[in-house]
Amino acid sequence: MTKKKKNKNKAKNSFIQTVLSAFGDHPFKALNYKQISRQLGITDKVSRNLVLNAIQYLLETGDLQEARKGKYQINIKSASKFLNKKRYLTGTVDMKSTGKAYIIPDNGGEDILVAANKTGHALNGDKVNVYLFPKRGDKKTEGQIVEVLERGKNSFVGTLQIFEKFAFLVTDAADMPYDLFVPKETIPSDAENGMKVVGEIVDWPESMKNPIGKVSHVLGWPGDNNVEMEAILADHEFPLAFPKAVLKEAEKIPDTIPAKEIKERKDYRDVWTITIDPSDAKDFDDALSLKVLDNGNYEVGVHIADVAHYVRPGTALDQEAYSRATSVYLVDRVIPMLPEKLSNGVCSLRPHEDKLAFSAIFEMDKDANVLHRWFGRTVIHSDRRFTYDEAQMILDTKEGEFVDDILTLNDLAEKLRVHRFSKGAINFHSTEVKFILDEKGKPIDTYIKEQKEANTLIEDFMLLANREVAEYIGKTKDDQTAKTFVYRIHDEPNPEKLNTFVQFLSRLGYSMMINSRKNLINSYNNLFDKVRGKGEQNMIETIAVRTMAKAEYSPDNIGHYGLSFKYYTHFTSPIRRYPDVMVHRLLWDYLHGKPSANLEAVADACRHSSDMERKAAEAERDSVKYKQAEYLADKIGQMFEGTISGVSKYGIYVELENNKCEGMIRLRDLDDDFYYLDEENYRVVGQKFGNEYKLGDKVIIKVHHVDLQRKLMDFLMVKAK
């Protein structure tokens, strides 16, 4: 090829790229060749024809697509390099029931608002590419989703509606604004009209509003307790059963401990040891031992089920445990991370049986100061299994079996707690709703689970073990680098959320000092003391927790803000949390001088575990919401006392006093006036008569409507108290 010809081709390619860039400046606009010519300053006929030829070439390469006859648009997927990168960002979709979405940017910063007609085929949780519109004044930045990079989920739970020639899967989730179109010939033979099923998206042509799906699993009839609980698990993509290979591997694990294994461990079978757990627990992760030493100090053992001994890296058991990452606790059942043979059997620290443990042994003085610590593998023998209620009875009455030992442990735990709060721990409270279920799983009553001394006794020793293990690995001399480890981290509060919370509190008559960490911690703890027993307690405590960052797993240790620990991990629950299994493995390796683990692999496992923990928490909340809705479903027309827990432009949220069910009084149902939202003062106000309902007000409501499938409850206002 001659030099002249090469230059000619180069110029041609450059011109084609210029034309494509002109389309890239208007990615959502369909333009003809005359408009592009005008944009490029081309007026003569010959050059316009060159533009037309360039467009034809770009159509053939797929970089352009014909929007309608004679008008063209850039194909964002294939020609992305010709787009103005400053106008794009990637993020995760937070879809609302109205169809609009907020995009949470990957690199932080302000959320991007996307109107319902500009979300494309994106769904909640998807990773997307967003085009940013020019900002208008102080309004929220808006954009348009141009590409789905990665689906957040592909399966959805809903009700099957079968028509003559086709069917729809009507999805349950409020954040899923589309139903799945299901070709009738693909429906399984055991699926019937009205049944609850799991569906998957198989295709979504650009021209179709609804995705095309298939039924992957038939759950059964709506309203059946087992069906509804499995639906919640399926909706959050938790498996409904263990694979056969995993169960087969579990069954091969022997029930007895070989004598050789016992010889290789520190033997604690003769040391007094107990477990304290909920009355319905079967997976006993942890046990406590106590021995008085000759010097008058105490030796306290925190013994943790040695899951890592039974679940070896690379096995089917390990892969399944990693995939699940956590046990899931629904209202009426536990979906274990490990098969029952391990979770309730060989790993569980059941009484009167020899069990393998990974132990943290502490020598403590009478003031609960740790004088010496030892970590290693042990064999233990629990003398007694206590429920929390049984242990609490001993603490209350100072009578009962092993009373002196339990009182000593509690005394040490109380001193550990005092130490922790003196160093700046936040005394968060949480309210846990429990249900009394009939034989079919229907809730017949509710109660609030109380945290008593017996609970905090166990909690304080678990916190101690978690802290000491993390400190042992993470705290190094100045000239040393800490080995890769799994930390449980908790970042500082988000300043914006914190300021909003302070303003919210001031309108309720409370104040906080946030000019230093010490003042902030004291303010939190003082606030929790002041609201205890008041109607707004649960609401304020819930919002307070939301001001904080979420705790997560990471190899990058930044400490735990809420506990005020510089080093913290999760070591104490390997039966139900995969990060604890990782911690056991890493700690054992480092105790024996092995090199640091691969940072990238540990970081990936931490991210996965944090994600699965969030999904499990969402599933648990959904099961509670379902049971609350089910509890009120046969109480239409009945009246309850409650507290206004939120306000929005649609209505007033009310949390009922005894059962903590939360429903909405829609503004359109307040018929004594026309009400508007005063967002700044957390209230709704009647335009004509000035009547107001504000956050924290006590009201009496009537149950109006319950949507079980969407777990929503509508109330009517009876009167303010």
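This is a predicted model: local features need pLDDT of at least 70, side-chain atom pairs count only at pLDDT 80 or more; totals for chains, interfaces and linings use all residues.
Biologist: Of the contacts between residues at least 6 apart in sequence, what percentage joins residues at least 24 apart?

Modeller: The chain has 721 residues, of which 48% count as buried. Its accessible surface comes to about 36400 Å², and carbon and sulfur atoms account for 48% of that surface. For the contacts in question, the share joining residues at least 24 apart is 63%.

Biologist: Are helix 13 and helix 15 roughly parallel or roughly antiparallel to each other?

Modeller: Helix 13 covers residues 495-507 and helix 15 covers residues 537-547; their axes lie 9 Å apart at an angle of about 160°. Angles over 145 degrees count as roughly antiparallel. Helix 13 and helix 15 are therefore roughly antiparallel.

Biologist: Into which classes do the residues of the contact of helix 13 with helix 15 divide?

Modeller: The crossing of these two helices is left-handed. Helix 13 contributes Lys497, Phe501, Phe504 and Leu505, while helix 15 contributes Met539, Ile540, Ile543, Ala544, Arg546 and Thr547. By class, the residues of this contact are seven nonpolar, one polar and two charged.

Biologist: Is the crossing of helix 4 and helix 17 left-handed or right-handed?

Modeller: The axes of helix 4 and helix 17 come within 9 Å and cross at roughly 150°. Asn225, Glu228, Met229 and Ile232 of helix 4 meet Ala619, Asp622, Ser623, Tyr626 and Lys627 of helix 17. The residues of this contact comprise four nonpolar, two polar and three charged. The handedness of the crossing is right-handed.

Biologist: Is Cys606 buried or exposed?

Modeller: Cys606 belongs to helix 17, which spans residues 599-633. Beyond its neighbours within four places in sequence, Cys606 is in contact with Val486, Tyr553, Ser554 and Pro555. Because its relative accessible area is 1%, Cys606 is buried.

Biologist: How many Å apart in space are Cys606 and Tyr487?

Modeller: In sequence, Cys606 and Tyr487 are separated by 119 residues. In space, the C-alpha to C-alpha distance between Cys606 and Tyr487 is 8.7 Å.

Biologist: Does Glu655 count as buried or exposed?

Modeller: Glu655 sits in strand 27, residues 651-656. With neighbours within four places in sequence left aside, Glu655 is in contact with Asn538, Gly642, Thr643, Ser645, Lys660, Cys661 and Glu662. Its relative accessibility is 15%, and the cut-off for burial is under 20%. Glu655 therefore counts as buried.

Biologist: Where is Glu237, a residue with positive phi, placed?

Modeller: Glu237 is not a glycine, although its phi is positive at about 60°. At 32% relative accessibility, Glu237 counts as partly exposed. Its place is the loop between helix 4 (225-235) and helix 5 (244-251).

Biologist: Does His352 count as buried or exposed?

Modeller: His352 is found in the loop between helix 9 (340-346) and strand 19 (354-364). The phi of His352 is near 60°, a positive value in a residue other than glycine. Since its relative accessibility is 55%, His352 counts as exposed.

Methods: Residues are numbered from 1 along each chain as its sequence is written. Side-chain values use heavy atoms; hydrogens and water are left out. Helices (H or I, at least four residues) and strands (E, at least two) are DSSP runs, numbered from the N terminus. Buried means under 20% relative accessible area, exposed over 50%, partly exposed in between (1.4 Å probe, protein chains only). Contact means heavy atoms within 4.5 Å. Axes are lines fitted to C-alpha atoms, for helices over the stretch in contact, and angles run from 0 to 180 degrees between N-to-C directions. Angles under 35 degrees count as roughly parallel, over 145 as roughly antiparallel, 65 to 115 as roughly perpendicular and the rest as oblique. A crossing is left-handed if the near helix is turned anticlockwise from the far one by less than a right angle, and right-handed if clockwise. Ala, Val, Leu, Ile, Met, Phe, Trp, Tyr, Cys and Pro count as nonpolar, Asp, Glu, Lys and Arg as charged, and the others, Gly among them, as polar. Accessible areas come from the Shrake-Rupley method with a 1.4 Å probe; for residues, only the protein chains shown count as cover.
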